[in-house]
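Here is a friendly briefing to read with the model open beside you. Please have a look at the structure first, and then follow the topics below.

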Amino acid sequence: MDTVIVLGTDSPIGLAVIRDLGRHNYNVIGFGSHPFSLGLMSKYCSKGMVRNSTPELLIEQLIDVAETYPNAFLVSIGESDINLVNRHRQRLEQHLTLLDPDAEQMAKVLDKSQTLEIASTLAIQTPASFQIDSLEQLATLQVQLKFPVILKWSNPHQVAQQLQQQGLSLLKLEYCQDLNELKDALSKYQAIGQYPLIQHYCPGYGIGQFFLCREGDSLVEFQHQRINEWPPEGGSSTLCQALSPDQHTGCMAQSRQLLKALNWNGVAMVEYRYEPVTNSYWLMEINGRFWGSLPLATRSDVSFASSLVEVIGKQSNPVATSIKYDLQSRYMIPEIKRLIRILFQPQLITDPNVSFSALSELGAFTGRFLKPNIHSYVFEWEDPKPFLSDMRNAARKVLRKLFKHGSD
């Protein structure tokens with residue numbers, strides 16, 4: 001039995017990877033940050049390891065496990081772990097077969113400006129984006145700006161530590177309605193001397209197209225529509241719908257073209273904003289890793305994780321499955337947070353261009369419990385322990401916040 005080490009088991013993504021691998025008869029060794037990590041609680045995880053707290057000792061820990069399981073494969077879930085593996089790639093490859101994209105490939109997708117530049121050479125529509133080096137540049141740039149605009153970091157990993165040192169939050173998105181709001185939003189970043197991308201706002205909703213490629217050739221495909229997100233105005237998918245391959249065919253073709261240009265190896269999500277009224281697509285980014293809504297793909301019998309081992313690790317054909325396209329999947333905890341925000345904290349929704357009906361959202365949330373085609377990111381009857389662990393971890397977070405506020 002082949003062994004796969006999964007680095008990063010704390011999220012539903014890592015859990016979905018473990019379930020996929022276990023169901024395809026792989027021996028799964030999981031690395032999580034604590035003993036109650038979601039993936040470590042799965043019955044499909046043969047052995048759970050609490051990862052070492054320092055990068056150097058974690059690499060030693062991986063090598064120690066590899067000596068026990070010769071010819072094992074390694075897959076990383078998060079971008080920070082992929083970057084760590086790539087920094088030690090030469091050494092790790094002496095002990096393991098690595099399934100992560102290499103550093104050169106990751107650099108092209110981690111830097112959004114590089115992604116958009118490559119897309120523009122292929123005539124793929126992207127939102128107008130501007131990068132400044134100083135606030136003084138806004139004076140000449142303002143004639144090109146069309147408000148509203150959003151701010152997002154070209155490469156969040158490069159600025160995270162500097163922002164933290166200055167007491168600044170790493171925001172995924174910021175919305176600016178006019179030039180004054182833009183100046184105010186950007187001014188706080190003078191402290192680090194770097195600024196996020198300024199990008200024209202794109203209406204519509206999110207579409208994610210998922211691929212497993214070998215040398216740029218797409219071998220496994222799937223796509224979904226984002227229905228709900230956390231935060232409500234845009235973020236990670238909390239409720240999503242599988243889409244059949246006869247939808248968005250032109251967009252899917254350009255995604256293949258983009259990954260071919262990157263000569264991509266491994267899994268990737270190509271993310272778009274879609275406006276159905278004008279039938280317009282704008283490329284947002286490429287995630288060169290497993291994505292947040294992977295549980296929908298596994299529920300739909302699209303085996304990206306086990307196929308990754310076959311295609312990249314063994315250079316063979318992907319696992320053949322009969323795909324279900326009528327399913328939805330939701331991540332309950334952020335879905336509850338989203339509902340609370342809409343019902344009781346609408347003033348915290350930062351995008352003034354979107355609005356929600358509290359009554360409609362409440363009705364839709366409760367009604368989905370009665371729909372048999374809607375599945376959970378975490379809960380499965382045949383593998384219930386991860387759900388129980390998720391509830392435990394959520395309760396601990398709530399209690400910590402209550403005790404903290406009580407002691408203030």
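In helix H13, Pro334, Glu335, Arg338, Leu339, Arg341 and Ile342 are buried, where buried means under 20% relative accessible area, exposed over 50% and partly exposed in between (1.4 Å probe, protein chains only). Seen down the axis of H13, these buried residues fall within an arc of 160°, so they line one face of the helix; the arc is that of the directions from the helix axis to the C-beta atoms. Please keep in mind that this is a predicted model, in which local features need pLDDT of at least 70 and side-chain atom pairs count only at pLDDT 80 or more, while totals for chains, interfaces and linings use all residues. Residues are numbered from 1 along each chain as its sequence is written, and side-chain values use heavy atoms, with hydrogens and water left out.

**Helix H13 and its cover**
- Helices (H or I, at least four residues) and strands (E, at least two) are DSSP runs, numbered from the N terminus.
- H13 covers residues 332-344, and its 13 residues should span 18 Å at 1.5 Å a residue, which agrees with the 18 Å between its end C-alpha atoms. The expected span is 1.5 Å times one less than the number of residues.
- The buried residues of H13 are covered by elements including E11, E12, strand E15 (328-330) and helix H14 (358-367).

**The open sheet**
- Seven strands make up an open sheet with mixed pairing, in the order E14-E13-E10-E11-E12-E15-E16. Two strands pair if DSSP finds at least two bridges between them.
- Strand E14 (280-287) and strand E16 (374-376) stand at the edges with a single partner strand each, so one side of each has no neighbour in the sheet.
- On average, neighbouring strands of this sheet are turned by 30° against each other, direction ignored. The axes here are lines fitted to C-alpha atoms, for helices over the stretch in contact, and angles run from 0 to 180 degrees between N-to-C directions.
- E11 and E12 run antiparallel and are joined by seven bridges. Gln225 stands opposite Gln241 in E12.

**Glu271 in strand E13**
- Glu271 belongs to strand E13 (residues 266-275) and is buried, with a relative accessible area of 11%.
- Leaving aside neighbours within four places in sequence, Glu271 is in contact (heavy atoms within 4.5 Å) with Ile207, Arg226, Trp282, Leu283, Met284, Glu285 and Asn287.

**Backbone details in the loops**
- Phe147 and Pro148 are joined by a cis peptide bond with omega about 5°. Pro148 lies in the loop between helix H7 (138-141) and strand E7 (149-152).
- Trp230 and Pro231 are also joined by a cis peptide bond, with omega about 0°. Pro231 sits in the loop between strand E11 (217-230) and strand E12 (236-243).
- His248 has a positive phi, near 55°, although it is a residue other than glycine. Its place is the loop between E12 and helix H10 (249-261), and His248 is buried at 12% relative accessibility.
- Asp301, again a residue other than glycine, has a positive phi near 70°. Asp301 is in the loop between helix H11 (294-299) and helix H12 (304-313) and is partly exposed, with a relative accessible area of 30%.

**Cysteines**
- A disulfide is a pair of cysteine sulfur atoms within 2.5 Å, and by this rule the count is zero.
- For Cys202, the closest cysteine sulfur is that of Cys251, 13 Å away and therefore too far for a bond.
- Cys202 is buried at a relative accessible area of 10%, and Cys251 is buried at 2%.
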